[in-house]
Amino acid sequence: MPLNGLEGISYAYGLNHYTLDKPLKDLLKLYTQSKNDFTGLGKFVGKEVYESTYRVDLESLPRLIYWGAKGERVDYTWLDPYERYVVNELIMNYGVNRYPFDNGTWHDHYAGIYLIGDPGLSCILTITIQTAYALNKYAEGNLRDEYKNLVGLSNKLKLGATWFTETQGGSDLGANTTIAKRTEKKYLLNGYKYFSSGAGIADISLVSARPEKSKEGAKGLALYLLPRYNSKGELNYYIRRLKYKSGTNSVPTGEVELINSEADLIGKEEEGIYYIMEDLTVSRLANAIGAMGVARKAYLEALGFSRERSAFGKKIIEHPLMIRDLLDMEISIEGGLALTYKAINEFQNSINSRPPYTKEYHYARFLTHIAKNVTAELSSKITQLAMEAFGGIGFLNEFPIERWHREALITPIWEGTSNIQALDMLESMVKKKAHEVYLEDLKSLVNDSYDKEFTTKLLNKAVDILRSFSSLSPKEAEYNSKDFLRQQGHILSSILLNNLAKQTEDNIYDLISKQYYRVYVEKKELDMIDKYDEIISIHGSI
């Protein structure tokens with residue numbers, strides 16, 4: 001009897017998720033000249049990662065262990081052994097977290113997050129690389145060297161975490177009440193972190209806290225590194241409980257109680273909120289690319305099913321309405337992917353900027369807020385359509401397709417809700433004039449596009465929308481900021497796809513660009529187009 005995996009219930013399982021994804025490969029070639037090859041990772045995520053995350057979600061949730069065999073508090077989280085193996089392989093063997101620090105860029109790292117797809121598993125890698133990012137950039141001496149253990153540059157793998165959220169404030173970090181008291185050698189933290197992903201598996205964690213006698217609000221926060229054990233080798237904090245969630249079950253999320261917990265200051269006290277916001281940019285980009293990764297997994301399931309399922313005398317992929325749905329999904333994925341990689345590229349270009357930052361950094365932030373919101377909305381829509389393609393069995397949790405829609409629903413919430421992204425985008429415009437850099441960049445993209453007449457029309461529309469938005473009162477601007485964000489994001493996606501058509505000499509992207517614009521900017525139905533088969537087969541890749 002064969003030892004089967006998910007072959008009988010999944011159409012994405014067993015595929016190489018990198019080799020079949022031409023849009024991803026084209027974007028990597030555009031931004032990195034395809035220096036790194038993800039063929040091995042694509043195979044690994046299509047089988048071992050896919051099955052591991054399916055198993056965890058269905059029957060092997062993380063479990064909090066409070067007490068050791070000798071009666072002592074241990075407060076660690078047990079993970080499924082298959083998941084532990086996968087995490088180790090992704091960091092140590094496939095180097096997903098290593099690229100920005102060694103022989104690669106952030107484009108490469110985020111390609112890994114996209115290919116993994118599962119938000120919970122990706123979260124473990126993201127909070128770990130966020131910790132590494134802050135240490136590498138702002139810590140000093142031995143403290144800085146810890147980043148190597150988080151990204152696979154040493155033989156001693158450690159996991160990181162970012163614990164900023166408190167129950168009384170949520171995304172309002174200025175409401176944080178955790179206090180940091182300075183001693184001769186360390187800081188002692190006292191407080192309560194409410195949504196702490198990585199609770200019980202993190203070796204070291206980034207924690208926001210308010211130094212004694214610091215100013216009120218977000219600017220009074222500093223950033224600290226919190227080890228799992230204190231200088232005496234004892235538990236440095238306690239985990240109250242783990243959360244039960246609708247999805248993202250591969251990462252344990254809990255509540256952490258800090259009681260005289262030892263920590264080290266990172267950088268300067270007065271710059272803590274800036275470091276935190278930089279770290280949030282890292283995870284918001286992960287959220288955006290992860291949303292598209294979830295959508296791609298759901299699409300592969302729907303495409304495979306539609307090719308095999310028959311209804312009314314023919315395969316359902318032969319029915320015009322199914323063709324329309326598949327076109328809608330694929331065009332949406334390619335638009336969201338292009339938008340996200342543009343934001344990643346601007347982040348990469350501003351990576352050395354420090355407080356008070358350059359205009360390039362503020363532009364990267366501006367694009368990150370846009371990409372985070374737009375991709376979250378796209379992912380929720382795409383996964384719902386994919387789930388619907390399966391009919392009734394799409395609602396059964398024994399099949400992988402159902403999970404992808406649940407996983408997509410976290411993406412508008414994690415790392416700041418859509419309202420927070422709109423507010424932060426607005427702040428980057430009002431205080432940092434990020435939109436001015438945006439307009440100049442749009443002009444450059446239009447000049448290098450496949451169909452300049454078409455993209456010039458988009459540029460003019462973006463300018464008109466910006467001019468109208470700028471005339472609003474502060475209250476009206478906030479009220480309409482989410483619509484403005486969405487409009488600019490979709491216009492930019494359309495231009496980027498058209499630009500990609502020229503860079504790759506693949507006029508299919510020109511067609512996709514115009515259909516994306518038709519659906520998301522003009523709010524019209526998709527055209528019936530001749531090259532639908534090439535598009536829905538991911539440019540003939542599958």
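A: Ring pairs tie Phe 101, Trp 106, Tyr 110, Tyr 133, Tyr 147 and Phe 347 into a cluster, where rings of Phe, Tyr and Trp (its six-membered ring) pair if their centres lie within 6.5 Å, and planes under 30 degrees apart count as stacked, over 60 as edge-to-face and the rest as tilted. The model is predicted, and local features need pLDDT of at least 70, side-chain atom pairs count only at pLDDT 80 or more, and totals for chains, interfaces and linings use all residues. Residues are numbered from 1 along each chain as its sequence is written, and side-chain values use heavy atoms, with hydrogens and water left out.

Q: Why is the pair of Tyr 31 and Tyr 341 called stacked?
A: A search of the whole structure finds 27 aromatic pairs. For Tyr 31 and Tyr 341 the ring centres are 6.3 Å apart and the planes stand at 15°, so the pair is stacked. The pair links distant parts of the chain, since Tyr 31 lies in helix H1 (residues 22-32) and Tyr 341 in helix H9 (residues 320-349), 310 residues apart; helices (H or I, at least four residues) and strands (E, at least two) are DSSP runs, numbered from the N terminus. Both Tyr 31 and Tyr 341 are buried, a term that means under 20% relative accessible area, with exposed over 50% and partly exposed in between (1.4 Å probe, protein chains only).

Q: What makes H4 roughly antiparallel to H5?
A: The axes of helix H4 (residues 106-116) and helix H5 (residues 119-138) come within 9 Å and cross at roughly 160°, and that angle makes H4 roughly antiparallel to H5. Axes here are lines fitted to C-alpha atoms, for helices over the stretch in contact, and angles run from 0 to 180 degrees between N-to-C directions; angles under 35 degrees count as roughly parallel, over 145 as roughly antiparallel, 65 to 115 as roughly perpendicular and the rest as oblique. H4 passes H5 in a left-handed crossing, that is, the near helix is turned anticlockwise from the far one by less than a right angle, whereas clockwise would be right-handed. Contact means heavy atoms within 4.5 Å, and the residues that make this one are Trp 106, His 109, Ile 113 and Ile 116 of H4 together with Leu 121, Ser 122, Leu 125, Thr 126, Ile 129 and Tyr 133 of H5. They divide into seven nonpolar, three polar and no charged, where Ala, Val, Leu, Ile, Met, Phe, Trp, Tyr, Cys and Pro count as nonpolar, Asp, Glu, Lys and Arg as charged, and the others, Gly among them, as polar.

Q: Why is H4 described as oblique to H8?
A: The axes of H4 and helix H8 (residues 272-308) come within 7 Å and cross at roughly 40°, which makes H4 oblique to H8. The crossing of H4 past H8 is right-handed. By class, this contact has eleven nonpolar, three polar and two charged residues.

Q: How do you know whether H10 runs roughly parallel or roughly antiparallel to H12?
A: Helix H10 (residues 359-389) and helix H12 (residues 418-430) have axes that come within 9 Å and cross at roughly 155°, and this makes H10 roughly antiparallel to H12. Their crossing is left-handed, and their contact has four nonpolar, six polar and four charged residues.

Q: How do you know whether Leu 339 is buried or exposed?
A: Leu 339, in helix H9, has a relative accessible area of 1%, and is therefore buried. Leaving aside neighbours within four places in sequence, Leu 339 is in contact with residues including Ile 370, Val 374 and Leu 496. Asn 345 is also placed in helix H9 and, at 13% relative accessibility, counts as buried.

Q: What sets Glu 415 and Glu 505 apart in backbone terms?
A: Most residues other than glycine have a negative phi, and most peptide bonds are trans. Glu 415 has a positive phi near 60°, and Glu 505 has a positive phi of about 55°, although it is not a glycine. Glu 415 lies in the loop between helix H11 (400-408) and H12 and, with a relative accessible area of 25%, is partly exposed. Glu 505 sits in the loop between helix H15 (474-504) and helix H16 (508-520) and counts as exposed at 74% relative accessibility.

Q: Where is the cis peptide bond, and what is its omega?
A: The cis bond joins Pro 355 and Pro 356, with omega about 10°, and Pro 356 is found in the loop between H9 and H10.
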